[in-house]
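Here is a short report on one protein model.

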Amino acid sequence: MQFSPASLTVKKGDKVVWRNADLVPHTATATGSFDSKTIAAGKSWTYVAGKAGTHAYVCTLHPTMKGTLVVQ
């Protein structure tokens, strides 16, 4: 029930994959930047980093789950 790593730095154009290894669904949502929608248990979602900056994101289903994606 946490993002690991909690913070990740990538370059613009890199692919970032969120893998849900939990038994419940999650999201990776950064308002105005990206939204995975629901990632089912055992599934993944890939995002191509396109917007430079620091993007704080959260699981909208479990708001205590927070992470940061830094795109250079």
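## Exposure and the salt bridge

A residue is called buried under 20% relative accessible area, exposed over 50%, and partly exposed in between (1.4 Å probe, protein chains only). Asp 35 counts as partly exposed, because its relative accessibility is 33%. Lys 37 is exposed, at 55% relative accessible area.

The side chains of these two residues, Asp 35 and Lys 37, form a salt bridge, with 3.4 Å from N to O. The term requires a side-chain nitrogen of Lys or Arg within 4 Å of a carboxyl oxygen of Asp or Glu. By this rule the count is 1 salt bridge.

## Basis of the model

The model is predicted: local features need pLDDT of at least 70, side-chain atom pairs count only at pLDDT 80 or more, and totals for chains, interfaces and linings use all residues. Numbering starts from 1 along each chain as its sequence is written, and side-chain values use heavy atoms, with hydrogens and water left out.

## Strand pairing

Strands are DSSP runs (E, at least two residues), numbered from the N terminus. Two of them pair if DSSP finds at least two bridges between them. β6 (residues 53-59) pairs with β7 in the antiparallel sense, over 7 bridges. Thr 54 has Val 70 in β7 as its bridge partner. A hairpin is formed by β6 and β7, with 2 residues between them.

β7 also pairs with β1 (residues 7-10). These strands run parallel and are joined by 4 bridges. Leu 8 stands opposite Leu 69 in β7.

## A loop residue

Leu 23 sits in the loop between β2 and β3 (29-30). Leu 23 counts as exposed, because its relative accessibility is 84%. Leu 23 and Gly 42 lie 19 residues apart in sequence, with 7.5 Å between their C-alpha atoms.

## The largest pocket

A pocket is an open set of points on a 1 Å grid over the protein atoms alone, where a 1.4 Å probe fits, with protein on both sides within 12 Å along at least five of seven lines; lining residues have an atom within 4 Å of a point. Volume is the space filled by probe spheres set on the points, which are joined across faces, edges and corners. The largest pocket holds about 350 Å³ of space.

Its lining has 20 residues. Gln 2, Phe 3, Ser 4, Trp 18 and Arg 19 lie nearest the centre of the pocket. β2 (15-19) and β7 (62-71) each supply at least two lining residues. The largest share, 4 residues, comes from β2.
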